[in-house]
Amino acid sequence: MSHKTSWGRVLAEAVDVNELEALVADFLAQQLSREIPQRGSVVLNIDGKTLRGTIPKGHTQGVHLRAAYLPAARIVLAQSAVERGLKENEIVVAPRLIEQLDLRGLVVTGDAMQAQRQLSVAVVAGGGDYVWIVKGNQPSLLKDLEILFGAEAIEKGGSAAPNDFVSHSQTDKGHGRKEKRTITTSAQLVD
């Protein structure tokens, strides 16, 4: 039974998807080191994608999955469907997704949609750390961070802790452009 149609029929009709996902997740977890990694040494990325070819005729949305991915190991540890019929979105599904995982020692990363209090709290509660990108989708948070991490604040040592800011810059060239990225961290945000 090596034909793709046969596999598709077996997987679609004879296999409990939730049970298969649980078994695969257990298998992948066993493949990874059982030791708790050194804090901040392993990155776990959370992202969502719509599956190609799943938008029914006459509709605008298809099957959308939220995945927790270990880039260094190239393994998806867990994924969860965003139930459009229940009016869910990625923001609602993300905390449920990471609650399935052992986050101790991991740094969870994600795009601007992940910069949510509930998700941040869930990551910390799970023993992990997080790095979110903040953009204009949260104007108040962006403004607060620009004030806290603005060039003047960093040069002056920050508003509350003079020696707290640590910055690192990296310049990359690719795809016909040169990009400089800078990250500045502060323990002032730990609360």
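Q: Is Val-24 buried, partly exposed or exposed, and how are these words defined?
A: Buried means under 20% relative accessible area, exposed means over 50%, and partly exposed lies in between, with a 1.4 Å probe and protein chains only. Val-24 has a relative accessible area of 40%, so Val-24 is partly exposed. Val-24 sits in helix α2. Helices (H or I, at least four residues) and strands (E, at least two) are DSSP runs, numbered from the N terminus.

Q: What should I know about the model and the numbering before going on?
A: The model is predicted: local features need pLDDT of at least 70, side-chain atom pairs count only at pLDDT 80 or more, and totals for chains, interfaces and linings use all residues. Residues are numbered from 1 along each chain as its sequence is written, and side-chain values use heavy atoms, with hydrogens and water left out.

Q: Which residues form a nonpolar patch on the surface?
A: Patches are made of residues with over 30% relative accessible area and no salt bridge; like charges are joined within 9 Å, and nonpolar side chains (Val, Leu, Ile, Met, Phe, Trp, Tyr) within 5 Å. In this model, Trp-7, Leu-11, Leu-20 and Val-24 make up such a patch, and together they have about 350 Å² of accessible area. Helices α1 (4-13) and α2 each supply at least two of the patch residues. Accessible areas come from the Shrake-Rupley method with a 1.4 Å probe; for residues, only the protein chains shown count as cover.

Q: How many helices and strands does the protein have?
A: There are 6 helices and 7 strands. Along the sequence they follow the pattern α-α-β-β-β-α-β-α-β-α-α-β-β.

Q: Which residues touch the most other members of the largest nonpolar core?
A: A nonpolar core is a set of buried Ala, Val, Leu, Ile, Met, Phe, Trp, Tyr and Cys residues joined through side-chain atoms within 4.5 Å. The largest one here has 19 residues, and those touching the most other members are Leu-44, Ile-98, Leu-101, Leu-103, Val-108 and Val-123. Two or more core residues come from each of β1, β2 (64-70), β3 (75-81), α3 (90-98), β4 and α4 (117-125).

Q: What does Leu-101 touch?
A: Contact means heavy atoms within 4.5 Å. Leaving out residues up to four places away in sequence, Leu-101 touches Leu-44, Ala-68, Leu-77 and Ala-78.

Q: Where is Thr-109, and is it buried or exposed?
A: Thr-109 belongs to strand β4 (residues 106-110). Its relative accessibility is 18%, so Thr-109 counts as buried. Beyond residues up to four places away in sequence, Thr-109 touches Val-43, Leu-44, Asn-45, Ile-46, Val-131 and Trp-132.

Q: How do strands β6 and β7 pair?
A: Two strands pair if DSSP finds at least two bridges between them. Strand β6 (residues 166-174) and strand β7 (residues 177-185) pair in the antiparallel sense over 9 bridges. Gly-174 stands opposite Arg-177 in β7. The two strands form a hairpin with 2 residues between them, and His-175 in the turn has a positive phi of about 55°.

Q: What does Ile-183 touch?
A: Ile-183 lies in β7 and touches Val-166, Ser-167 and His-168, not counting residues up to four places away in sequence. The C-alpha atoms of Ile-183 and His-168 are 5.5 Å apart, although the two residues are 15 residues apart along the chain.

Q: How many salt bridges are there?
A: A salt bridge is a side-chain nitrogen of Lys or Arg within 4 Å of a carboxyl oxygen of Asp or Glu. By this rule the model has 6 salt bridges. One of them joins Arg-39 and Asp-129, with the closest N and O atoms 2.6 Å apart. Arg-39 lies in the loop between α2 (17-31) and β1 (42-50) and Asp-129 in strand β5 (residues 129-132), so this pair ties together parts that are 90 residues apart in sequence.
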